[in-house]
Structures are given as C-alpha cells and as structure tokens.
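Let's take a walk through this structure together, one element at a time. Have the sequence at hand and follow along in the viewer.

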Amino acid sequence: MSNPQAVIWADKLSKHFGEFVAVNQISFSVQKGEIFGFLGANGAGKTTAMRMLCGLLLPTSGSAAIAGYDVYTQTEQIKQNIGYMSQRFSLYEDLTVAENIRFFGGIYGLPDKQLKLKTDELLHTLQLHTEAKTLVSALPLGWKQKLAFSVAILHEPAIVFLDEPTGGVDPITRRQFWDLIYAAAQQGITLFVTTHYMDEAEYCNRICMLVDGEIKALDTPANLKKQHQAQTMDDVFYHLARTAKRTAD
Amino acid sequence: MKRFFAFVRKEFHHVFRDPKTMLLLFGVPVAQILLFGFALTNEIKNAHIIITDNAQDIASKQIAAKLAANTNFITHQKQLNPQQIEETFRQGKVKLVVIFPPNFNHDLLHLQKAQVQIIADASDPNTANTLTTYATAIIMDYQKQLWQNTNLPLSIHTDMRMIYNPELKGITNFVPGVMALVLMLICVLMTSVSIVREKELGTMEVLLVSPFNAVLVVISKAVPYFFLSLVNLTVILLLSVLVMGMPVAGSWVLLYAISALFILTALSLGLLISNVTNSQQTAMLISLMGMLLPTLIFTGFMFPIENMPLPLQVMSNIFPSKWYYIIVKNVMIKGLGFTAIWKETLILLTATLLLMTISIAKFKTRLA
C-alpha cells in the first residue's frame, strides 16, 4: 500500500469510541499539491478522520502516514510539516490581528525577519493593513476565517488540514476563501479540506465521500457525476447519503 | 526559548485585556485587607503553657495546680531563664509562660503583696489576649480564696508582657492570613481557568497540532500570574505598613523569596486543576469550593487549628497555606530568620515540585 509519491496515505484506518465506530477502515492516498476534499454529512466521521491524521487522536487500528511520518510514533515530525485550521475558530479573539500572526509565527519558531516579511505579505494579500491593530473579535467572520487560514500556512507547511473552514460564511466570502486555497495549492502545499457544502466539492481535485464512517466514493468530481449520472455534486451526495443510518449530531 | 517568549507575551495579553481578571487580581486583595479590619475571638483549649516556678513554695504550687486543672491549659513545669523563654516562644508551640519569683509565698504573707509575671506570644493577638485573661482570672480566683481563708488583704499582682506585638494589634494576625488567602485565591483561580479556557475555545487543538512543547504550554501559562502576584504582594505589604501601620520585623528579602515560592505552589495547583478539568465552570468550582473554603478554615488565622479535633488537625497539614501562614508570621511579626522556617519552606518546596510534576504529566498531548 505504501506509495512514495503520496504525502498522505491511510490504510484501513479506524477509530472506535467505545462501541461506536466513528471511522471504519478508510483507505486513501493524497498526492503532493492536490486539493483533497473530504465530504460527508454531520457526524459522518470527517473531523475524527482528520484529527487522527493530524496526530490529535490515536487511531484504534489501521495505519497512516503524513509526509512519510507514522501517525502512531512520529507525531512530533508530523507537527513540523502540517498546518491546521480547526472547525471552531482557531485564533485568539482577545489578541489583535498582528499579535495573532506574531504568536503563531513565534510558536513555529519563525525568525523575526521572516516573520515581519510574512506578516506584511499576509496583511497585503488579505487587505487587512488598516486592521493590524484591531482585536480579532471585532472582525467579521469571513475575515477571521481568511486570517485563520493564512496563519495556518504561515510557516509554509507541506500539508494543511482544514476542518470545515467556511462554516457559516456567505457565498462571496467562500469564493474568496477558495481563491486563497488555490493560491496555496499553487505553491505546492497539499490541502486536505472537509466540508459539507457540495458546491465547494466542485473546487477540489478529488473528493472522498464519507457515509457513516466509511468511504462510499473516491474520485474526481467529474467522474463521480458521470458514475452516478448526476448533474451536480448535490445529486451525487443525495444518492450516496440515502444509505446513511446515523443521525446528524 | 524564543517560542516560549512568544507564548508568554500572548498570556500577558490575555490577562491585561480581560477587565474581570484585572479586577479580581487587584480589587480583591485591597478589599480583603481593608475589610478584615476586625479580628475574631475564639475560645482556646489545650494551649501549651510553661510554669517557671522559682519559689517552689506552697502558694506557687497551689496556683500552678489550679492552672494545670484548667481545661484551657496543658501545663509544663520548667525552670527557664529569660533567654530560654525567648527560644521557647520562637519554636511556636508554647503560647504563654507564667513565672513565679523566688520567695513568692514569703512576699505574699509578709509584705501582703506578691508578683507573678505572665509572658505571652502576641504574634497571634487573639490567642495571647484570651490566654492571659484566663490565667489572670485563675490567679485572681486564688487571691479571693486567700482573702476568705486569712481575712488579710493579700494581693497578687500580675505583671503581663506581650512579646512580638506589645500593642496587641489585631492586624498582625490577619495580614499574614490575608496574604495566604489572597495569593492562594488569585493564583489557583486564575491559572485553573487559563488552560481549560483554551480547551473550551478550541484554540488548544491548534496548539497541540503545533510543534510547541507541551511542558512550555503549561509553564508559560503561569508566568504572567507569577509576576502579577508579586505586584499584588507588594500592594498588600504596602497597605499594611503604610495604612495599617504594621511594620515588617524580619527580612523583606526572605519574605519575598518565601512568598514567591508559595505563589509557585498555588500556581502549580491551579495548573493541575486546569489540566484535569474540561470546562471553565468546573475549574472555577473546584478552585473555589475545593480550595478557598478549606484554605480559610485550615490556615489557622480565623480558627485556631489547636482547637480542632485531631483528624482535622492532621488534615490541615495538606494545605500549603497553613505552612505559608506560619512562615509569614515568623518572618513578618517575630522577625525570625531562615533557620526558624526551613522546615516549612521545605514542605512548600516539595509540594510545589510534586504539583508541577503531576500537572505536566497530566497534560494531554492528544484530544482523547
């Protein structure tokens, strides 16, 4: 199963919480520079799967490697190579924009000079120059999300994990957010994104449909639509998710 | 190290941006010290007193027997010279010394006037006051009996001396107590909320995914509160010196060094609570109910520990504030040096290392 080209690969990866099987024997691999979408209803096991890959949760069984490092034993090396944006907003609301950037740059050990350069670049890209001294709590949600993403890739990780990064923001902001994701992919960063917005699925290179903790489909959006004779990803999702027994949490 | 400072800077921002935190940090100590202006009186039982009987005659022995029969006292007969008396008090166990001069009975019968000296350790003014009142009452009672038996106006004069705190200022008692209480409250409460808040907000996930060392996450949380608590300590001491007119008898350096140690003890405890709980409310409840109340009761400044049933006396030993309170009284009021407090210091040091080790060990580097 080992694939030297893959930056993420999982083989029969499972997570049980007591009797409950949150993720059931999932296997897949992601290539460098790919935008890999992880789709599923609420409670399908997307977040659990992602947390196992980041080293936040210990898998119950199966194996997985991130950038060639084992998720059981080499979590410290994995941490050096990944960025992470959690489902819940992951910046400090009581720090200013600049302070947040400085803090996260600091804990990843960026040198002062590089940090300053990166900060300017980031503020410029996001057009947040005037807001550098604003508390993050005062920013609109869409800006916060864009800022959180930019901070997650500040240390130029090989892989970024995004857990429902666009939850609750308007379509225009979501579109802008995906522009940032494309820009990152262009730099060679691999993106692993979970979402339940089907229009976003179209933006991914390949997508993986998760239903009740199991992979029901894995292919490019175009191929999936062809296979299921569907017009949109929405239709593909309804077709697959009909079999779900779990209720959303 | 640079990463560590990035973290510490962020923690300072958290503290200074939260008005509630600032109010609790600086409002509570000031309010406490100003409100505790009155002292509490309590009956004291089984206080250890020493009787130095230089007369060894009938009258002195009868009085000594009456003192020994009283349930408030446990008496010990010992011939002490003034220097030995001082040393006895420093050890802290003996609260009162009653001294009969030579020829006590002779003076009483022939001069119709005799003297008894009572020396009390007034670093705890409530206890000193109550004990001397008890002792004087017993001696006066004896004098009344003599009048009835002899029909002579024989008088026994009691000469009282309060050492360490001659003016019996109640504040001497409560300043060390408030110091222990406030430092405990602030440090435990503040830090107990700090880690668990990141768990609640979800930022902990991001920290766990970063290569930042878990041990440093724990330690950097404690840094701002450590410095702010030292500022707090200074405020309390300045208030007690300038407003309450209570001097610091011993070494300021020693007082600060020991207080810094105690602050670390309290911070470690707060971090431990924060590490094992999952919500800010639980953490707060544990710190308030589990720590504040016992600290109030078992430190010894409100309720004398000597009066408690034995199991509770034993229990009081596990509260670090008790040891800190003893140290502060010794240094601040009695003006004693390190040799007098090394045992208590060692206890605090051990407690700190233990709590710190446990809380670092308990820190979860994964979510579940």
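Of the 171 residues in the largest nonpolar core, the two that touch the most other members are A:Phe192 and B:Leu183. Keep in mind that this is a predicted model. Helix α7 (residues 171-201) of chain B supplies the largest share of this core, 18 residues. The core also draws at least three residues from each of two domains of chain B, namely domain 1 (2-39 + 170-362) and domain 2 (47-163).

Now zoom in on B:Leu183. Leaving aside residues up to four places away in sequence, B:Leu183 touches B:Ser229, B:Leu233, B:Phe262, B:Ile263 and B:Ala266.

Next, turn to chain A and its open sheet of six strands. In what order do the strands of this sheet lie? The order is β6-β7-β8-β3-β9-β10 (chain A), and the pairing is mixed. At the edges you will find β6 (82-85) and β10 (214-219) of chain A, each of which pairs on one side only. From one strand to the next, the twist averages 15°.

Within this sheet, look at strand β3 (residues 35-40) of chain A and strand β9 (residues 206-211) of chain A, which pair in the parallel sense over five bridges. For a landmark, find A:Phe38, which stands opposite A:Cys208 in β9(A). Helix α1(A) packs on the sheet, where it touches β3, β6, β7 (159-163), β8 (190-195) and β9 of chain A. The direction of α1(A) makes about 155° with that of β7(A). Another helix, α9 (residues 233-241) of chain A, lies across β3, β9 and β10 of chain A and runs at about 30° to β9(A).

Stay with α1(A) for a moment. Why is helix α1 of chain A described as largely enclosed by the rest of the structure? Nine of the nine residues of this helix (residues 46-54) are buried, so the rest of the structure largely encloses it. Here a residue counts as buried if 20 or more other C-beta atoms lie within 10 Å of its own. The buried residues of α1(A) include the charged-class pair A:Lys46 and A:Arg51, along with A:Thr47, A:Thr48, A:Ala49, A:Met50, A:Met52, A:Leu53 and A:Cys54. After α1(A) comes A:Gly55, whose phi is positive, near 90°.

Chain B has an open sheet of its own to explore, formed by five strands in the order β2-β1-β3-β4-β5 (chain B) with mixed pairing. The edge strands, each pairing on one side only, are β2 (73-77) and β5 (155-163) of chain B. On average, neighbouring strands of this sheet are turned by 25° against each other, direction ignored. Strand β1 (residues 47-53) of chain B pairs with β2(B) in the parallel sense over five bridges, and B:Thr75 in β2(B) is the bridge partner of B:Ile49. Across β1, β3 (94-100), β4 (113-121) and β5 of chain B lies helix α4 (residues 82-91) of chain B, running at about 160° to β3(B).

Finally, see where the two chains meet. The contact takes 24 residues from chain A and 21 residues from chain B. On the side of chain B that touches chain A, the elements giving two or more residues are α1 (2-17) and α8 (203-209) of chain B. Of these, α1(B) gives the most, with eight residues. By class, this side of chain B has nine nonpolar, five polar and seven charged residues.

Technical notes:
Residues are numbered from 1 along each chain as its sequence is written. Chains are lettered from A and ligands numbered from 1 in the order in which they are written. This is a predicted model: local features need pLDDT of at least 70, side-chain atom pairs count only at pLDDT 80 or more; totals for chains, interfaces and linings use all residues. A residue is buried if 20 or more other C-beta atoms lie within 10 Å of its own, exposed if 12 or fewer, and partly exposed in between; C-beta atoms are placed from the backbone. Helices (H or I, at least four residues) and strands (E, at least two) are DSSP runs, numbered from the N terminus. Two strands pair if DSSP finds at least two bridges between them. Axes are lines fitted to C-alpha atoms, for helices over the stretch in contact, and angles run from 0 to 180 degrees between N-to-C directions. Two residues are in contact if their C-beta atoms, placed from the backbone, lie within 7 Å. A nonpolar core is a set of buried Ala, Val, Leu, Ile, Met, Phe, Trp, Tyr and Cys residues joined through C-beta atoms within 7 Å. Domain bounds come from an automatic or database domain assignment.
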